[in-house]
Amino acid sequence: MGPITDIDGGKAAEVALGTEVDQPVVAPAGAEATRARGPWARAWGRFRQHRLAFGSLIFAVLLVVVAIAAPLIAPYGYGETDVANKLVGPGFDGHLLGTDLLGRDILSRLIYGLRTALTVAFGAELTALVLALIIGLAAGYLGGRVESVLMAGTDVMYAFPSYLFAVVMVTVLGRSIFALVIAIGIASWVTQARLVRAQVMTLKQREYVEAARSMGAKGPTIAVRYILPNAIGPILVTTSFAIPAAIAAEAGLALLGLGVQPPTPSWGAMISEGSRYLLAAPHMLVAPAVLFALTLLAFTWIGDGLRDAFDSSGEQR
């Protein structure tokens with residue numbers, strides 16, 4: 001019996017007696033290219049698919065640009081007063097978001113306050129990250145007595161209220177951006193250090209680490225060159241979540257009167273002042289509170305996107 005052919009104008013199919021026709025498996029377009037990409041490229045691809053996180057990243061980059069270019073963007077100086085126009089509401093007559101009780105332009109103070117918030121947040125998290133990497137790498141890789149001593153100190157810091165520690169540090173060091181960076185950074189490295197230690201303890205047993213050790217690589221080289229790059233994903237995720245926490249900590253210290261020295265603007269101080277004039281001038285509270293909330297949400301969503309990007313368990317292969 002010859003081959004059977006579909007004559008209805010559709011797709012032709014041939015079946016021979018006693019013969020099973022194997023259909024070729026066609027890989028999806030770009031699948032080979034996707035598998036050929038490195039882990040960072042795959043993580044970036046997954047991050048871009050997280051629309052909320054990607055949009056938040058664009059918003060965060062815009063915030064950084066505005067903070068850097070504050071003197072060029074702000075219409076007034078942050079300490080420039082105009083008592084004749086104090087508590088003026090939002091409008092297009094020179095003060096887009098209105099003025100405060102001293103006649104200072106709120107938009108300008110928001111922009112400079114953004115610079116304060118981001119400087120403290122990034123500086124504090126850089127400080128915390130350096131401490132966490134040093135302590136976590138040493139404890140996880142060396143082990144033994146070194147690990148016991150370092151983790152005992154970490155546990156003591158973990159048990160001490162971090163916010164109270166930051167208050168004490170600012171009180172001792174004085175009210176300045178440098179003091180806020182050091183205080184918040186030293187108060188927030190513990191969680192990251194424990195994460196780094198856990199990652200190092202897992203990765204140091206991998207085959208490529210054993211191979212590097214058998215080839216004569218020294219401990220610091222193995223830790224920095226082979227272990228740390230493979231642990232950077234979870235560390236980035238933790239750091240991204242810690243940035244909004246640092247912004248909130250700076251605002252909280254400002255609410256307690258422990259922020260930067262006036263007249264340098266701080267969102268926390270602006271929110272505190274605005275709450276006292278909520279009925280007479282609600283714009284003093286609304287503008288900084290809304291921008292503060294949007295900034296925290298943006299960095300939090302970036303953290304969500306990074307967490308999903310570095311979690312490849314749900315990736316279809």
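## Basis of the model

The model is predicted, so local features need pLDDT of at least 70 and side-chain atom pairs count only at pLDDT 80 or more, while totals for chains, interfaces and linings use all residues. Residues are numbered from 1 along each chain as its sequence is written, and side-chain values use heavy atoms, with hydrogens and water left out.

## Overall make-up

The protein has 13 helices and 0 strands. Both kinds of element are DSSP runs numbered from the N terminus: helices are H or I runs of at least four residues, and strands are E runs of at least two. From the N terminus on, the order of elements is α-α-α-α-α-α-α-α-α-α-α-α-α.

The protein has 317 residues, of which 38% count as buried; buried means under 20% relative accessible area, exposed over 50%, and partly exposed in between, with a 1.4 Å probe and protein chains only. Among contacts (heavy atoms within 4.5 Å) with a separation of 6 or more, 69% come from residues 24 or more positions apart.

## Helix 3 and helix 5

Helix 3 covers residues 51–68 and helix 5 covers residues 106–142; their axes come within 8 Å and cross at roughly 110°. Axes are lines fitted to C-alpha atoms, for helices over the stretch in contact, and angles run from 0 to 180 degrees between N-to-C directions. Helix 3 and helix 5 are therefore roughly perpendicular to each other, a term for angles of 65 to 115 degrees; under 35 is roughly parallel, over 145 roughly antiparallel, and the rest oblique.

On the helix 3 side, the meeting residues are L63, V64, V66, A67 and I68; on the helix 5 side they are I111, L114, R115, L118 and F122. The residues of this contact comprise 9 nonpolar, no polar and 1 charged. Here Ala, Val, Leu, Ile, Met, Phe, Trp, Tyr, Cys and Pro count as nonpolar, Asp, Glu, Lys and Arg as charged, and the others, Gly among them, as polar.

## Length and end of helix 5

The 37 residues of helix 5 should span 54 Å at 1.5 Å a residue, and its end C-alpha atoms are 53 Å apart, which agrees. The expected span is 1.5 Å times one less than the number of residues. After helix 5 comes G143, with a positive phi near 65°.

## Loop features

L87 lies in the loop between helix 4 (70–73) and helix 5. Although L87 is not a glycine, its phi is positive, about 55°. L87 counts as partly exposed because its relative accessibility is 31%.

The peptide bond from P262 to P263 is cis, with omega near 5°. P263 is placed in the loop between helix 11 (219–255) and helix 12 (267–276).
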